[in-house]
Amino acid sequence: MARAVPQRGAARRVLGDVHRGVSHGRDGGAPAAGVRAVVWERSLGQLVAVGLTVLALTAGRAFALVGVTVIAGVAVVAALVLLLRVVPERWRAVLLDDLRRLWVGRRLVPVVVTSTLAALGHAAVFLLAVRLTSPELPLLPLLPVALLVLVAAALPVNLAGWGPREGAAAWAFAAAGLPAAAGLEASVAFGVLSLVATWPGAVLLLAGRRTPATRGSASVPPIPSSPEEMSRA
């Protein structure tokens, strides 16, 4: 088993997603499909988070922050469009076929539902962090701010999750008429809580190290290197 190392920075996060996609794809006999699934999961999940944030900010009449969130959503869509334009024609057909299957097969519903639950779960943890660091602040009015901070935290330009989240939290709190220091403190507490929440995974990691491999490497399908192999995956 490959030695596990902590993910650090944007490059490690991206490589972690690639490894997850290839690993799941190999388990199912289709490495390319696994990678594409992770790409769509990340992209659609971010769009759902942006949509939730826009709705929450609009409901809270925080119109000054709506524009920033819309820009983030446009950036995600633009990245997907750019991806479809720069990839080879045959790979583009595969990606468009993925979209068709998501739409026609009604597979977007579970993606939207699970992404919504995940976003609200992370927002709840952020509000818990606010309660721990600034118990005098009301929680419900801060839900839109929490969602906005999480959208910024998802940007792949951080160091193990740290960086844009803290800056966005301080700015969003200040824009909402609250102390910027309270946003910074809540963001740091959120990072600590998130780190502690991952510790149970160490049990699974240790259990996996002690479990002997039952599948030979010869049965693992190779990663496709051509559009033809990618479309068949």
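In helix 4, the residues V94, L95, D98 and L102 are buried, where buried means under 20% relative accessible area and exposed over 50%, with partly exposed in between (1.4 Å probe, protein chains only). Seen down the axis of helix 4, these buried residues fall within an arc of 95°, so they line one face of the helix; the arc is that of the directions from the helix axis to the C-beta atoms. This is a predicted model, in which local features need pLDDT of at least 70 and side-chain atom pairs count only at pLDDT 80 or more, while totals for chains, interfaces and linings use all residues. Residues are numbered from 1 along each chain as its sequence is written, and side-chain values use heavy atoms, with hydrogens and water left out.

**Helix 4 and its end**
- Helix 4 (residues 89-104) has 16 residues and reaches 22 Å from its first C-alpha to its last, close to the 22 Å expected at 1.5 Å a residue; the expected span is 1.5 Å times one less than the number of residues.
- Helices here are DSSP runs (H or I, at least four residues), numbered from the N terminus.
- On the other side of helix 4, E89, R90, W103 and V104 are exposed, and just after the helix R106 takes a positive phi of about 55°.

**Helix 5**
- The 26 residues of helix 5 (residues 108-133) should span 38 Å at 1.5 Å a residue, which agrees with the 37 Å between its end C-alpha atoms.
- Its buried residues are S115, T116, A119, A123, F126, L127, A129 and V130, and what covers them includes helix 2 (31-59), helix 6 (143-153), helix 7 (164-175) and helix 8 (180-197).

**Aromatic pairs**
- The structure holds two aromatic pairs, counted when ring centres of Phe, Tyr or Trp (its six-membered ring) lie within 6.5 Å, with planes under 30 degrees apart called stacked, over 60 edge-to-face and the rest tilted.
- F126 and F190 form a tilted pair, at 5.8 Å centre to centre and 55° between the planes.
- Because F126 lies in helix 5 and F190 in helix 8, this pair ties together parts that are 64 residues apart in sequence.
- F126 counts as buried at 1% relative accessibility, as F190 does at 5%.
- Ring pairs link F126, F173 and F190 into a cluster.

**Helix 7 against helix 8**
- The axes of helix 7 and helix 8 come within 7 Å and cross at roughly 145°; axes are lines fitted to C-alpha atoms over the stretch in contact, and angles run from 0 to 180 degrees between N-to-C directions.

Methods
Helix = DSSP H or I, 4+ residues; strand = E, 2+ residues; numbered from the N terminus. Contact = heavy atoms within 4.5 Å.
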